[in-house]
Amino acid sequence: MASNKPRIEIPDVAFFEQRFYFIKNETLKSNLAISMQYTVFLIKAEAELEIVGAVEYSIFKNIIQYTASVVEGVLHYGLEIALKKGLVQESEIMPEEKSYAEIKPLYQIDDVTKIVGAKAVKKHEKFKKNTQFKTVCDAYEKGELINADLIKDINDLRDKRNKIHLAGLKKVENYYTKDDINEAFEVATKVIEEVEKIVIDK
């Protein structure tokens, strides 16, 4: 029996995977494609259905979140490849990590406070699958893998994406606009192009 529900036509996942052809991690490629497909669905739903008020803002917010996730995934992969190619060195782009060894008590001030001595060892964070988005952005900036203007735009998008912790918001979250969406897409397009160059050209 045919459904009477309205149908929103969107390309299948394989279509979106073609844009990420340069990503050899098949799981990541599929997840990026799925996120892109869902983003397109949201865009078409907002355009083709009569949606107003808070729901429309929530759709815009969702688009921002998924677009930022695509940007984060692509950047993470690009940094992984840049490290493998030797374009940057982990010790030069990752944050310093403080490590203390041979900790010894020197003086007991009271029952809960004492002065200690320790040997400080200079280390750096390791690049991992769960390395934070901001750390990845900072690594790109330190390694000069992409230009500073794009880094700023990425960080702006990251800040918008981070406005998902409702308890920490200071006003009603209804401020996402179509301009925000267009800016997010521009950032995503530039990031994909730049990472493609890192993977293919450099």
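What follows is a walk through a predicted model, helix by helix and then along a pair of strands.

Let's start with α7, which runs over residues 178-200, and look at how other helices pack against it. Two packed helices are described by the angle between their axes and the distance between the axes. Take α3 as the partner, a helix spanning residues 54-85. The α3 and α7 axes come within 9 Å and cross at roughly 15°. Angles under 35 degrees count as roughly parallel, and that makes α3 roughly parallel to α7. If you care about handedness, α3 and α7 cross in a left-handed way.

Who touches whom here? The α3 side of this contact includes Phe-60, Ile-63, Ile-64, Val-71, Val-74 and Leu-75, and the α7 side includes Ile-181, Phe-185, Ile-192, Val-195 and Ile-198. Among the other members are Thr-67, Gly-78 and Lys-85 in α3, along with Lys-178 and Asp-180 in α7. Sorted by class, the residues where α3 meets α7 come to 19 nonpolar, two polar and three charged.

Now bring in α6, made of residues 148-161. Its axis and that of α7 come within 10 Å, with a crossing angle of roughly 130°. That makes α6 oblique to α7. This crossing, too, is left-handed. From α6, the residues Leu-150, Asp-153, Ile-154, Leu-157 and Lys-160 take part. They meet Asp-180, Glu-183, Ala-184, Val-187, Lys-190, Val-191 and Glu-194 in α7. What is the make-up of this contact by class? It has six nonpolar residues, six charged ones and no polar ones.

Staying with α6, turn to its other neighbour, α5. Helix α5 covers residues 133-142, and its axis comes within 10 Å of the α6 axis, crossing at roughly 175°. Angles over 145 degrees count as roughly antiparallel, so α5 and α6 are roughly antiparallel to each other. On the α5 side you'll find Phe-133, Lys-134, Cys-137, Tyr-140 and Glu-141, and they meet Ile-151, Ile-154, Asn-155, Arg-158 and Arg-161 in α6. This contact has five nonpolar residues, one polar and four charged.

Glu-144 has a phi near 55°, a positive value in a residue other than glycine. Is this residue buried or exposed? With a relative accessible area of 68%, Glu-144 is exposed. Compare Thr-135, back in α5, which counts as buried because its relative accessibility is 13%. Leaving aside neighbours within four places in sequence, Thr-135 is in contact with Met-94, Pro-95 and Glu-125.

β1 (residues 96-108) and β2 (residues 114-124) run antiparallel and are joined by 10 bridges. A hairpin of five residues connects β1 to β2. How many of the 13 residues of β1 are buried? The count is zero, so β1 is hardly covered, given that buried means under 20% relative accessible area.

Definitions and conventions
Residues are numbered from 1 along each chain as its sequence is written. This is a predicted model: local features need pLDDT of at least 70, side-chain atom pairs count only at pLDDT 80 or more; totals for chains, interfaces and linings use all residues. Side-chain values use heavy atoms; hydrogens and water are left out. Axes are lines fitted to C-alpha atoms, for helices over the stretch in contact, and angles run from 0 to 180 degrees between N-to-C directions. Helices (H or I, at least four residues) and strands (E, at least two) are DSSP runs, numbered from the N terminus. Angles under 35 degrees count as roughly parallel, over 145 as roughly antiparallel, 65 to 115 as roughly perpendicular and the rest as oblique. A crossing is left-handed if the near helix is turned anticlockwise from the far one by less than a right angle, and right-handed if clockwise. Contact means heavy atoms within 4.5 Å. Ala, Val, Leu, Ile, Met, Phe, Trp, Tyr, Cys and Pro count as nonpolar, Asp, Glu, Lys and Arg as charged, and the others, Gly among them, as polar. Two strands pair if DSSP finds at least two bridges between them. Buried means under 20% relative accessible area, exposed over 50%, partly exposed in between (1.4 Å probe, protein chains only).
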